[in-house]
Amino acid sequence: MALQNKEVDALVQKITGLHAAIAKLPSLSSSPDVDALFTELVTACVPPSPVDVTKLGPEAQEMREGLIRLCSEAEGKLEAHYSDIWLAAFDNPLDHLGMFPYYNNYINLSKLEYELLARYVPGGIAPARVAFIGSGPLPFSSFVLTARHLPDTMFDNYDLCGAANDRASKLFRADKDVGARMSFHTADVADELAGELAKYDVVFLAALVGMAAEDKAKVLAHLGAHMADGAALVVRNAHGARGFLYPIVDPQDIAGGGFKVLAVCHPDDDVVNSVIIAQKSKDLHANGHHRGHGGQCAHGTVPVDPPCRFGEMVTDMAQKREVANAEVVF
């Protein structure tokens with residue numbers, strides 16, 4: 001226990017230092033300094049760790065919340081940066097998505113989510129229509145799911161940012177197959193959508209939608225009130241030190257929103273996000289009192305394919321940044 005506490009203290013100290021350095025940056029737009037600091041942050045957070053970020057003291061919690069906001073802003077700027085590069089340089093930008101530093105993470109995460117849905121949703125999964133909430137300027141997940149796993153599915157992508165949706169829609173214009181099955185909508189799902197949510201067989205909730213716990217709970221309750229009975233919900237989460245990068249969702253909060261939690265998976269490889277699979281059920285009520293399973297994993301987790309080793313992932317990210325900066329000329 002003493003050794004674990006020492007390890008946790010050292011990690012928190014390192015993350016605190018990185019937060020201070022990132023907060024001092026004049027801009028979070030992609031640059032050598034920004035990219036180096038965020039690569040160092042991911043390098044520190046991805047390996048398995050005994051830390052439980054929900055139990056950190058008030059000062060560390062305040063630091064973590066600020067860091068997640070900075071990560072969110074930087075992630076948006078990085079995606080917008082690459083989107084602008086591809087739109088300016090290529091006739092079909094979708095052919096060049098592999099240049100993005102974290103593209104393999106999205107491939108593996110989307111594969112994991114599809115396998116979890118196929119295994120744990122009763123009757124299997126063959127959705128006619130899917131909503132992705134928090135799709136951003138580079139909707140990698142929707143693209144991977146549409147192109148590799150759900151060839152007959154229509155995808156509606158929602159984001160608060162109109163500029164992000166404009167970039168995303170332009171990326172898909174040249175693709176006659178995937179582009180024809182993609183649509184983009186600027187909306188605050190928790191405030192502006194109600195009856196429309198009932199038409200989706202599956203709803204994906206991005207990790208950075210509702211960064212504060214109360215905001216996430218509001219979104220989950222809204223989805224629980226308006227999604228169709230039997231529809232599946234995929235919630236991206238974080239575990240261990242990865243909770244310094246993304247908000248952590250308690251499965252009990254999902255169950256309290258009117259869902260039956262079917263599976264909780266915490267990858268220990270290069271897939272950064274954890275995944276929670278749930279299903280809207282008429283037997284569950286928004287007050288959290290329900291029959292059957294509690295808010296924990298009902299069936300455990302599925303095996304993950306042999307993981308890309310962590311060191312390879314970090315090297316790959318750095319190499320892709322160098323290639324993108326060196327080869328794309330305006």
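Here is a short chat about aromatic pairs in this predicted model.

Trainee: How many aromatic pairs turn up in the whole structure?
Mentor: A search across the whole predicted model gives 11 aromatic pairs.

Trainee: Let's take tyrosine 82 and tryptophan 86. Is that pair stacked, tilted or edge-to-face?
Mentor: The ring centres are 5.7 Å apart and the planes meet at 55°, so the pair of tyrosine 82 and tryptophan 86 is tilted. Edge-to-face would need planes over 60 degrees apart, and stacked would need them under 30.

Trainee: Changing topic, is tyrosine 82 buried or exposed? And what about tryptophan 86?
Mentor: Tyrosine 82 has a relative accessible area of 2%, so it is buried. Tryptophan 86 is at 0% relative accessibility and counts as buried.

Trainee: Which aromatic pair does tryptophan 86 form with phenylalanine 140?
Mentor: An edge-to-face one, with 6.5 Å from centre to centre and 80° between the planes. That pair links distant parts of the chain, as tryptophan 86 is in helix H3 and phenylalanine 140 in helix H5 (residues 140-149), 54 residues apart.

Trainee: Okay, and is phenylalanine 140 buried or exposed?
Mentor: Buried, at 1% relative accessibility.

Trainee: Last one: which residues form the aromatic cluster?
Mentor: Tyr82, Trp86 and Phe140 belong to one cluster together with Phe100, Tyr102, Tyr103 and Tyr106.

Key: Residues are numbered from 1 along each chain as its sequence is written. This is a predicted model: local features need pLDDT of at least 70, side-chain atom pairs count only at pLDDT 80 or more; totals for chains, interfaces and linings use all residues. Side-chain values use heavy atoms; hydrogens and water are left out. Rings of Phe, Tyr and Trp (its six-membered ring) pair if their centres lie within 6.5 Å; planes under 30 degrees apart count as stacked, over 60 as edge-to-face and the rest as tilted. Buried means under 20% relative accessible area, exposed over 50%, partly exposed in between (1.4 Å probe, protein chains only). Helices (H or I, at least four residues) and strands (E, at least two) are DSSP runs, numbered from the N terminus.
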